[in-house]
Amino acid sequence: MKRGGVERSAWLAYAWLAVFFLAPFALVLKLSLSHTTLGIPPYAPRLDLSQGLASVVALVRDLNFDAYGRFVSDRLYVDAYLSSLGYAGVATALLIAIGYPMALAMARAPRGAQPFLVAAVIAPFWTSFLLRIYAWTAILKPEGWLNLALRSLGLPEVQLLNTDAAIYLGLVYAYLPFMVLPLYAVLERQDQGLLEAAADLGATPWRAFWTVTFPMSLPGVAAGALLCLIPMTGEFIVPDLLGGSQTLMIGKVIWSEFFQNRDWPAAAAAAAALTATLVLPILLHQRLQARTLSR
Amino acid sequence: MRRGPGVLGWAVLALGLAFLYLPMALVVIYSFNAGRLVTVWSGFSLRWYGELFRDEALLASVLISFEVALLAASLATLLGVCAGLGLARRARLPARGLFTSAVYAPLVTPDILLGFSLLLLFISLGLPRGFATIVIAHATASIGYVAVVVRARLMQVDPALEEAAQDLGASPLKAFLTVVLPVIAPAVIAGWLLAFSLSLDDLVIASFTAGPGATTLPMRLYSQVRLGVNPEVNAVFSLMMLAVTLAAAAYAIILRQSARGPRTGA
Amino acid sequence: MSTSPLIRFEGVSKRFGDTAAVDDVTLDIAAGEFFVLLGPSGCGKTTLMRLLAGFEAPDAGRVLLAGRELAGLRPHRRPVNMMFQSYALFPHLTVAANVAYGLLQERLGRAEIDARVGEMLALVQLEPLSARKPDQLSGGQRQRVALARALAKRPKVLLLDEPLGALDRRLREETRGQLKAIQARLGTTFLMVTHDQDEAMGLADRMAVMRQGRIVQLGPPAELYANPVDRDVAGFLGEVNLFPVPGGGWRAVRPERMILSRDRPALADAWTGEVQAVAYLGDRTHYTVRLADGAVVRILQANTSSGPAFARADAVWAAFAPDAATVLDR
């Protein structure tokens, strides 16, 4: 239907994203196939189109898979990547365990209270992520508030900073709103009449939940999980502030390769690998997005 | 008949919200601590607030952050509305799947990747890193958020509204501006606010794409935090909490108002 | 009265994918007519209307308004206005602002706009509600705002998309009368689309029954009802009893033309049977009667005394007079 196409303005967004999102990824890929050199920026070859086709040919001949070789053979990267997935996976499971009951309680809360509950869950998001995680260092460090509280209660002190527990804590703390809110949106929209029908047919509230509410909320759970899992894999701030030198996460590795080692191709190879393996979950996420949004 | 969440439900909510707010509350309290040490209360003092307002570098970074956020959010909103329109109205675009991916993928791409890849682009384009590059980067990262929110709202709008406006003599552009835009305005504003707060809060992307003279607040805070304990940071946080509490209260009231009386155009 | 039609569809076709929504339709509508397109959903009636409004473009054929071809003319430039099925009232504008919207696009003076808005609201009897927003109105009130808004520009043609569908029964009948009166008063050509035969017959000067993108029969309601061109049309416009004719074809008799009695009537077409179901409708009773040969007929009888004349399991005679039947060959 010819609507005169106000939606043709999508071209604008398309062009912008092609230049500032899609093209950069191609560059990451290209960089990962380059050498490290001294200089700014510290890699070669760089594409110099003033030479025309000759420079492209020279580029291809100069491609270097060293970085990838290192990525695969150097256990560091593979370990970091797998370990990141591990942290993200465990954190996601924790987020579901904590976030689902919260979202359910919010969905069942009286209508008047709901906007305030939503605001209360969103509000921390609007302060500084960095400082909220930093607050946890103040809580978890040996001379921190947690141990202060434990000491005053006569309980033994704990060393939680720079441990896996701290990472899980930080990830869950940071991403809780991202799990609770999509779940709340799905649960809140559920037809209460279905539960009444279940009760009418003899189901206890517990059964009704497991056979009606929960299965119907699964798309929301999946959406929330993906929304958290993928960014958590590449998370930097949490492992940087709450983890120690033992904590291996790919986000930290890329950062230190880039800012400390000045090994751009290595950072790019790690980044490219991270991208490649995230494509599948991203596609999955899109499918779910399209489905839940079109309801 | 609405069943409430029950005692267990309220307990879960209380615990969850306590978990969320306890660390923040502690920081706010200790921003008034006279001493440097976190665990020792040395009496009430506004000393750190004073230091904060004398810290020129920090204040400069606050200004820069706000300027970047304002521009980036506005740019992201403009492009995000276009993208949302394209998605909701199934605009005819080449490689439509690629378009959809390009819009949604930044939402789930780790900041590290976004920052790094954009830096490479700026280098190959010969763009000097500074204020503009952060704005571009933040805008790119946020387009998807605005698009998602706008698209969702657009799907709820009766397509007949725009047809009716055109039927009554308004050109397609005018029909959109006078009839559709006012109806989706809450979503557009929500998208802008989302993009604004994402920009204000971003550390990683800015670190990759900033240049000399363009240090954002998170970058400044990160370097201070890395250097060691600095209670001034607590004061910064408390002020943020104040701003957010006021904004959140206003938000909740507005949300309540619009919960009565649907505006989907039926 | 001019002899050339106001609206002309000439060999118009429109496809969506593989299906032909409108298949080679030629139709003339005269100025001042209340014309109705009737058919089941998917028959193409709405598409045909949208082709006139300009929201779709024909793949073949021409659409002409007052002799002028409309091809290439965008909806906002056509002197045609539409009343949408969902009413499509602008939720952020008041009733008065909604009605004024089309006039604002014509760049009329403020005074003139206000006058016209007042005139329209008076026409639909909604003046006291002019400052309200759509979400503060009832369904019937919203429908009247939609009508007033569509008529405000004094279009040559008003298109109505299932205007009574969302209303409850009582309101529907009331509104039907109002629509007819307004059309007669203004003399505007109305083109209405509906799937409800009562609505169609109650309002149309002429109507067309559509099926699968084509016009099956065209004419005044009485003509279509009494002399349907085939069984489908007969059945679509109301209940009908079909009696096969030996050698091919059918005789179609409407339930209200059937005669139900205890004793054998002096008619050639008469059969014994047993009353299977009785539906008492207040002013009339609907009977389902099973004939001796197994066929089931439906009979509608006005109630002359209180209560139905017959009860279930009664033995009766069902018959019809020869002039009550229409012969159909398909």
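Helices (H or I, at least four residues) and strands (E, at least two) are DSSP runs, numbered from the N terminus. The model is predicted, so that local features need pLDDT of at least 70 and side-chain atom pairs count only at pLDDT 80 or more, while totals for chains, interfaces and linings use all residues. Residues are numbered from 1 along each chain as its sequence is written, and chains are lettered from A in the order in which they are written.

**View 1. Helices H4 and H6 of chain B pack against each other.** H4 (residues 96-108) and H6 (residues 131-156) of chain B meet at an angle of about 110 degrees, with axes 8 Å apart (axes are lines fitted to C-alpha atoms over the stretch in contact, and angles run from 0 to 180 degrees between N-to-C directions). H4(B) and H6(B) are therefore roughly perpendicular, a term for angles of 65 to 115 degrees. Residues making the contact (C-beta atoms, placed from the backbone, within 7 Å) include B:Val103 and B:Tyr104 of H4(B) and B:Ile143 and B:Gly144 of H6(B).

**View 2. Chain B touches chain A.** The contact takes 74 residues from chain B and 80 residues from chain A. On the side of chain B, H11(B) gives the largest share, 12 residues.

**View 3. An open sheet of 5 strands lies in chain C.** The strand order is S13-S17-S14-S15-S16, with antiparallel pairing (two strands pair if DSSP finds at least two bridges between them). Strands S13 (258-261) and S16 (296-302) of chain C are the edges, each pairing on one side only, and the twist averages 40 degrees from one strand to the next. Between S14 (residues 269-280) and S17 (residues 315-320) of chain C there are 6 bridges, and C:Trp271 stands opposite C:Ala318 in S17(C).

Notes:
Parallel < 35°, antiparallel > 145°, perpendicular 65-115°, else oblique. Contact = placed C-beta atoms within 7 Å.
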